[in-house]
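Please go through the packing of this chain with me, question by question.

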Amino acid sequence: MLLSAAVLAFFTALIGGGQATAAPGAAAFTAQARAAGLTTDQAASLQEKADSYLATTGGTQVAPNLIQLDGATVYLTVPGEDHPRDLTGDGALAYDPCAGGGADYKHMCAYRGTWYSGDEVDMYNCGRYYFSTWSGPGSWDNNQTTNTVARMYGPSGAWVFSTGPAHSQDPNGNWSPVHSVVNC
């Protein structure tokens, strides 16, 4: 009965209409992070970061450092580290199309830090994605289909910047004026 309730809660969260959810639960993700070798403080800080993203972007937390959006995935770094890594033990981050300093073909990757470091947002479906929690230096790699241009908008919705046609990138961009990105 308990398992059925957990499964029901998980699927209810998945179809929750864009609301932020953490499935199966923040405590389980913290325990998973601890099992992966993170300290209590690192695990708590990582969950706080995930909660902040969930509050601003919506989506569903599916691993200690992985949030699934509609058409995009957010990969979170462990506090003090430069790149996301697998904390699940089951290879959930084995394929990160933004890893290694650039986006795989058909992906637009945004990085919280310069030179393709920090938290990553992998945009693989056409849509508007929100970056209101990011400011300061960062980077992006637009490797979508040939000649696709991504557009960045400020808090008022006004256009701020357009990338060059794919494949284009900027290792030293500025997220401060950017509130959202339309990747297609």
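Q: At what angle do helix α2 and helix α3 pack?
A: In this predicted model, local features need pLDDT of at least 70 and side-chain atom pairs count only at pLDDT 80 or more, while totals for chains, interfaces and linings use all residues. Residues are numbered from 1 along each chain as its sequence is written, and side-chain values use heavy atoms, with hydrogens and water left out. Helices (H or I, at least four residues) and strands (E, at least two) are DSSP runs numbered from the N terminus, and axes are lines fitted to C-alpha atoms, for helices over the stretch in contact, with angles running from 0 to 180 degrees between N-to-C directions. For α2 (residues 26–35) and α3 (residues 40–57), the axes lie 9 Å apart and the packing angle is about 140°.

Q: Which residues of α3 make the contact with α2?
A: Contact means heavy atoms within 4.5 Å. On the α2 side the contact is made by Ala26, Phe29, Thr30, Ala33 and Arg34. Their partners on α3 are Thr40, Ala43 and Gln47.

Q: How are the rings of Tyr111 and Tyr116 arranged?
A: Rings of Phe, Tyr and Trp (its six-membered ring) pair if their centres lie within 6.5 Å, and planes under 30 degrees apart count as stacked, over 60 as edge-to-face and the rest as tilted. By this rule there are 6 aromatic pairs. The centres of Tyr111 and Tyr116 are 5.4 Å apart with their planes at 80°, so the arrangement is edge-to-face.

Q: Is Tyr111 buried or exposed?
A: Buried means under 20% relative accessible area, exposed over 50% and partly exposed in between (1.4 Å probe, protein chains only). Tyr111 has a relative accessibility of 0%, so Tyr111 counts as buried.

Q: Which strands hold Trp140 and Phe161, the two members of a tilted pair?
A: The ring centres of Trp140 and Phe161 are 6.2 Å apart, with 55° between the planes. The pair links distant parts of the chain, its members being 21 residues apart. Trp140, at 6% relative accessibility, counts as buried, whereas Phe161, at 34%, counts as partly exposed. Trp140 belongs to β8 (residues 137–143), and Phe161 to β10 (residues 159–162).

Q: What is the phi of Trp115?
A: Trp115 is exposed, with a relative accessible area of 56%. Most residues other than glycine have a negative phi, and most peptide bonds are trans. Although Trp115 is not a glycine, its phi is positive, at about 50°.

Q: Which residues does a cis peptide bond join?
A: The bond in question has an omega of about 0°. One of its two residues, His167, lies in the loop between β10 and β11 (168–174). The cis bond joins Ala166 and His167.
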